[in-house]
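Here is a short report on a structure with several chains. Look at the model first, then read on.

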Amino acid sequence: MVPLSWYLTLGAILFAIGVAAFLVKRNIITIFMSIELMLNAVNLTFVAFANHWHQVSGQVFVFFVMVVAAAEAAVGLAIIIAVFRTRETLNVDQVNLLKL
Amino acid sequence: MLHQVLFIIFGVVCVAGALNLLLQRHPINSALSLIVVMGALALLFLLLGAEFVAAVQVIVYAGAVMVLFVFVIMLLNAGVEEHTRGSRVAIFLGIPGLIAFFIFMCWAIGSNGSALGQARIGSFYVPTQELGIALFREFLLPFEVTSVLILIAIMGAVVLARRER
Amino acid sequence: MNPSPNFNLWLIPILPLIGSAINGIFGKRFARSLVATVALVFSGAAFGYALWVTAQFSSLPQASIPHIERLFVWIQAGNFSVDYGFYLDQLSLVMLLVVTGVGFVIHIYSVGYMAEEGGYYRFFSYLNLFLFFMLTLVLAHSYLLMFVGWEGVGLASYLLIGFFFLKQSAAQAGKKAFITNRVGDFAFLLGMFLLIRQFGTLDYDKVFRGIAPMPVEHSLGFLTITALLMMFGACGKSAQIPLYVWLPDAMEGPTPVSALIHAATMVTAGVYMIARSNSLFMHAPIAMGVVAVIGALTAIFAASIGLVQNDIKRVLAYSTVSQLGYMFLACGVAAFSAGIFHLMTHAFFKALLFLAAGSVIHGLGGEQDMRHMGGLRKLIPWTFWTMTVATFAISGFPPLSGFFSKDEILWKAFSDAQHGSWILWLVGLITAGMTSFYMFRLWFMTFFGERRQPLHDAHQEPTGAVHAPGAAPADVGHQSGVAHSTAAPGHSAHGGGHVHESPWIMLGPLVVLAIGAFVMGWVGIPQALGGHNNFDQFLSPVFHTSSEPARAVENFPAEPQKTENAGEERGLELTLAGTSVGVAVLGFLLAWQFYYRRPELPQRIAASMSGAYRTLINKYWVDEAYYAALINPIVDGSRTVLWRGVDVGVIDALVNGAGTTSKEASGVTRRMQSGSIRSYAGWVALGAACVVAFMIYAGTR
């Protein structure tokens with residue numbers, strides 16, 4: 001007997017914390033993890049709405065989000081490894097060669 | 001009643017884990033707290049009647065993706081974050097943007113909250129079979145596409161992480 | 001309206017234009033003789049054609065005068081249209097003959113005078129160009145086409161005054177002439193605009209027909225304003241007060257230019273215009289009075305300045321201004337034909353004076369200061385005798401031409417019932433005396449006595465000439481009457497000491513003009529002296545049919561009550577004629593005394609009346625006054641306000657500012673591309689918030 005808005009609020013809070021972590025943290029892996037956190041928050045919202053409207057497609061969508069998140073995590077981490085090899089650092093502030 | 005208690009417990013766990021991710025300095029701690037968040041989220045999914053999603057969350061997300069993160073952290077021997085000069089834009093534009101976003105969301109949710117009604121345990125329970133049927137009937141094309149996507153991701157990850165000769 | 005045969009009048013201006021074009025475009029590669037031939041052939045052809053037209057004119061029936069030829073429609077704007085057409089009546093015929101005749105003679109003279117100058121082809125190109133414009137002016141059939149010629153002769157004058165453009169003073173003088181003329185042209189334009197507004201056209205015949213039924217204005221009405229404006233334009237071109245200041249400086253140009261443009265033809269354009277507009281002026285007596293007053297004032301003013309000038313060309317320049325004042329005076333007292341008569345005789349003797357002065361200068365190797373001349377009578381006899389004829393003519397000694405024309409003006413100034421006044425006559429008389437004095441002064445100083453060689457430290461002599469006051473940042477310069485021995489460029493190559501007579505190509509024109517100066521007056525001998533005043537009768541259709549109010553004319557034996565006081569008038573005229581001759585003789589005697597018998601007198605008088613002398617030699621400080629009141633404020637205003645303020649401060653600042661602003665704006669926008677991932681994240685977060693806000697906003701509507 002929980003109002004649905006609570007779930008949505010929780011999702012919003014998680015998303016906000018994910019964005020904050022994205023903005024504040026310096027380690028690139030942590031930043032990636034904050035992306036995962038944001039995706040999770042979205043997943044929660046999807047499932048909540050699937051429950052509200054009694055549709056299964058919400059959960060199917062969650063399924064796909066997870067797949068994409070996994071693929072993205074894999075490729076992203078590979079890139080991080082490649083960057084680490086050249087830059088010897090995981091600090092995102094030091095990967096700034098594209099500066100004008 | 002029980003629903004509310006469970007929700008509050010797991011919700012608090014989620015938020016605490018997320019805050020921990022934000023506040024920890026060492027990335028391994030952040031990773032571990034993220035795993036905690038995912039676990040709590042899986043339980044919340046269960047409360048909402050999504051058993052398959054909850055299982056997949058634990059198995060795939062927490063069990064594979066986060067493990068991958070932990071492996072990479074250990075591989076790269078990522079240490080404690082050192083303090084470097086940040087970006088002023090991120091602080092002065094991003095944080096207010098974030099706060100504004102949060103307020104919008106809360107307002108949207110709050111103003112329509114009563115229309116959303118209640119979520120009962122067991123009001124909508126999706127058996128895996130039903131999910132499978134939906135997945136392989138209406139969502140067949142996206143399913144196949146995602147399988148191709150995974151294949152590409154594998155190849156990409158392998159190529160990108162290859163050591164240069 | 002016009003069944004008379006086609007004279008192809010357009011040929012007359014076009015011929016010198018072709019000559020000018022040939023010389024201008026190809027002349028640089030021609031030999032000098034070829035340049036001269038081209039110039040002479042085309043100007044001579046114009047003269048010949050003018051003579052032929054004259055012969056044909058005499059056979060035209062009365063009804064087809066004025067003879068108008070329209071070539072094509074030049075401007076068509078709504079209701080207003082102007083044709084390119086030509087107008088031939090007695091007045092334009094007289095002007096045509098004067099312009100082409102004197103012009104051709106001066107062309108011949110220039111071949112000799114300019115023989116050693118640089119830019120030979122340019123000179124003749126400009127000279128022919130001048131003829132083209134002057135002929136367009138004289139033959140035009142509408143005010144607008146006349147204005148084209150008007151401006152064109154101003155242009156030619158500028159080009160020719162500044163012919164030695166490498167000399168700073170010559171370039172300044174050219175500019176001064178052009179700008180001063182422009183001021184007058186502005187008034188002329190305003191007058192033309194008023195005519196268009198009233199009559200919707202600028203063609204002579206239509207305008208005059210429109211003016212004829214209008215009543216005579218005795219207040220500042222439309223016609224008076226128009227007439228005053230056109231008079232101001234004529235003041236600019238004909239060097240009257242207040243726009244005469246350019247003519248003395250125009251003596252920087254070569255002497256044939258001074259003779260042709262600034263004595264015989266261009267400066268008379270103003271008089272011609274007033275004479276042509278005689279019906280307009282007759283309907284505006286106030287304007288005519290102004291014309292007369294200005295003419296008289298200018299005459300006496302310029303004569304007074306000419307009394308003390310030391311440069312031979314300056315004396316003649318002021319004399320020209322003064323004689324033009326006489327012509328204006330004549331028009332102002334409704335004696336238009338007398339004014340044109342004087343114009344014609346003046347063209348001959350003034351051109352002769354200038355050409356002879358040029359011959360003197362040429363013979364002396366460039367010396368222009370009369371104080372360094374003297375005793376040239378036996379050395380350059382032909383020049384001497386022709387100049388003598390001209391001097392006696394301008395002073396008004398009978399039976400030379402100047403006497404008849406000047407006397408006609410003075411008589412009309414005295415006697416005209418509606419427009420004349422004895423004050424005007426008196427001013428004219430005094431001016432005649434002064435004219436005689438300074439002309440004979442010139443004559444004596446140049447040809448008689450002992451040669452006064454220039455000293456080598458001539459700069460320290462008390463020359464009495466003052467240059468521009470202070471350090472005025474003036475762009476338009478002026479000169480007083482000082483000329484050193486290297487004055488006329490190019491002539492110093494002759495060498496200072498050896499005086500020689502000019503070649504025959506220069507003397508021939510002098511003789512021709514001298515003959516003209518002698519006999520030309522005989523076409524206008526008044527009835528009082530036994531003649532029939534043929535000239536006035538010849539021009540009477542022009543000046544009678546287009547003006548409504550009749551004026552008292554003694555040549556038309558009309559009303560019976562005239563015959564009684566005809567004899568009385570005749571006696572009065574003879575008395576006045578005798579008076580003017582007496583004044584001329586008085587001038588001669590004074591000059592003889594001062595400059596021949598007792599040459600130390602002038603300096604003693606100058607020293608004792610030093611205030612008056614300094615005023616005269618500084619030309620009443622008019623140029624300085626113009627500088628202080630008009631030119632310097634305008635130049636300073638332009639420099640500070642328009643240049644620094646507007647051009648640099650506003651326009652340049654706008655253009656530069658646009659560039660600087662874009663640079664700065666892009667400098668700010670560039671910061672977005674910082675390469676820092678976190679700042680990108682910040683931007684994304686902000687953008688996301690905006691998108692969400694928009695969607696909420698769109699969703700709630």
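This is a predicted model. Start with the contacts inside chain C. Chain C holds 25 helices and two strands. It has 701 residues, and 50% of these count as buried.

Now turn to chains A and B. Their contact takes 62 residues from chain A and 70 residues from chain B. On the side of chain A that touches chain B, the elements giving two or more residues are β1 (2-3), α1 (4-24), α2 (28-53) and α3 (57-87) of chain A. The most comes from α3(A), with 22 residues. The table sorts this side of chain A by class.

| Class | Side of chain A that touches chain B |
|---|---|
| Nonpolar | 47 residues |
| Polar | twelve residues |

β1(A) pairs with strand β1 (residues 118-119) of chain B. The sense is antiparallel, over two bridges. Pro3(A) has Gln118(B) in β1(B) as its bridge partner.

Val62(A) lies in helix α3 of chain A. Is Val62(A) buried or exposed? Val62(A) has 27 other C-beta atoms within 10 Å, so it is buried; the cut-off for buried is 20 or more.

Which residues does Val62(A) touch, leaving out those up to four places away in sequence? They are Asn43(A), Phe46(A), Val47(A) and Val53(B). Take Asn43(A): it is 19 residues from Val62(A) in sequence, and the two are 5.5 Å apart in space, C-alpha to C-alpha.

Methods
Residues are numbered from 1 along each chain as its sequence is written. Chains are lettered from A and ligands numbered from 1 in the order in which they are written. This is a predicted model: local features need pLDDT of at least 70, side-chain atom pairs count only at pLDDT 80 or more; totals for chains, interfaces and linings use all residues. Helices (H or I, at least four residues) and strands (E, at least two) are DSSP runs, numbered from the N terminus. A residue is buried if 20 or more other C-beta atoms lie within 10 Å of its own, exposed if 12 or fewer, and partly exposed in between; C-beta atoms are placed from the backbone. Two residues are in contact if their C-beta atoms, placed from the backbone, lie within 7 Å. Ala, Val, Leu, Ile, Met, Phe, Trp, Tyr, Cys and Pro count as nonpolar, Asp, Glu, Lys and Arg as charged, and the others, Gly among them, as polar. Two strands pair if DSSP finds at least two bridges between them.
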